[in-house]
Amino acid sequence: MNVNAHDLVVMHKNVDRLVGKEIFSNGLFANNDIEIMSSIEKLIEENILIKTNQFNISIYKKANTELKEILKENDFKTTGTKQVLINRIRDNFDSINNLDLPYVYVATEKGEEILKDTKYLLSFIHDSTSVARAHYLAENYIDENCEDKVAEIYKFEFQRRYENEEINFNYRYCYELDSLIWHYEGEMQDYDNARKYLNIFYYLSFKKFLGDLINKKYTYYDDRGNLELDEIQNDLKGMIEYSRPRIYERLILIENLSNKAIFDLFKKDTQKYNDLEDELVKKLTDYIVVIVKKENDANTLLELIEILKNGYTIDKEEFEDEDDYYSNFVTTNIATLKELDAEIEVEVDIRNGKINFFLDDDSLEKLMKISE
């Protein structure tokens, strides 16, 4: 078959539409766009799509006002619902003059099968995984008899990137898992799978947090090596609240699951990735429950912190003393930077709005000389 993913999306969006009223994937009128019309011609050549003005198809494209005008011009009653008006025209078809029926794009029998098999593509029109990529994966890696190709494509991409260590498990950037959760929860109402991939999301995000906790000296520590509890609380709470807590609300507030039952589900869902001790995972799930219930999380957080201190934090001895630490900083003001005609680069973290400023090398060198 000589059609590509783009052609198939054009078909999905334009089947049963009037000829001359073609649309793009976003629903805007194509206005004889070259690519859209080229795709439609290709679909027709492949006997996937046809143009027809067959009465039983085209008549339904007429508005009620048009149907009434046809009947009125031919001296027939103009009252009734749309179906009544159509039936009246059908019953008197031979007596009606100059019935102009519009042409409509209709899928052939072959086309109907293709529409059914490629419906999954519509989920990737505005997705980080492109339509072309989704089609390629479905054709080459996904079982053709699979009933949920959308989910399998996201799973394939997640596993590939995970195994290749391409994912930075920041809870706001693992779009394959986020997409899987949304697909199962919002589109399929499959809450068990939605929970499973949310738990994987939480677990891998927590692993990312642990990696930062033991490797980044000044992310969660002050200059003397003491843990910054507010920073830890903000990140963990943000991880939980950002990632669809409705699913946990369902577990806790509707299904009334105990903390133990939630921990057991978490362990089962993450067993493929989980290499943490049960005590730590148990405290993590307890903390998730507290945040979702919007209760005071201070005690649960402190219990989690106590476990983290045993093997997941940096020893204080590894920190520079205060003098060494502050020797890396120069105090200045905006007026001085203006005098230096400094070029200042601004970096904005789109995840949380934090702003960092950077001086160009020449300005930094001048500032250091001034400060000596």
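Axes are lines fitted to C-alpha atoms, for helices over the stretch in contact. Two packed helices are described by the angle between their axes and the distance between the axes. The model examined here is predicted.

Helix H12 spans residues 246-254, and helix H14 spans residues 278-292. Their axes lie 10 Å apart, at an angle of about 90 degrees. H12 is therefore roughly perpendicular to H14. On the H12 side, the contact is made by Tyr248, Glu249 and Ile252. H14 contributes Ile288, Val289 and Val292. Five of these contact residues are nonpolar, one is charged and none is polar.

His6, Asp7, Val10 and Met11 form the H1 side of the contact. The H2 side consists of Glu35, Ile36, Ser39, Ile40, Lys42 and Leu43. By class, this contact has five nonpolar, three charged and two polar residues.

A search of the whole structure found zero. A disulfide requires a pair of cysteine sulfur atoms within 2.5 Å. The cysteine sulfur closest to that of cysteine 146 belongs to cysteine 174, and the two are 20 Å apart, so they are too far from each other for a bond. The closest cysteine sulfur to that of cysteine 174 is, in turn, the one in cysteine 146. Cysteine 146 is partly exposed, with a relative accessible area of 22%. Cysteine 174 counts as buried, at 1% relative accessibility.

Notes:
Residues numbered from 1 in each chain as written. Predicted model: local features only at pLDDT ≥ 70, side-chain atom pairs only at ≥ 80, totals over all residues. Heavy atoms only, no water. Buried < 20%, exposed > 50% of the residue type's maximum accessible area, 1.4 Å probe, protein only. Axes fitted to C-alpha atoms, helices over the stretch in contact; angles between N-to-C directions. Helix = DSSP H or I, 4+ residues; strand = E, 2+ residues; numbered from the N terminus. Parallel < 35°, antiparallel > 145°, perpendicular 65-115°, else oblique. Contact = heavy atoms within 4.5 Å. Nonpolar A, V, L, I, M, F, W, Y, C, P; charged D, E, K, R; others polar.
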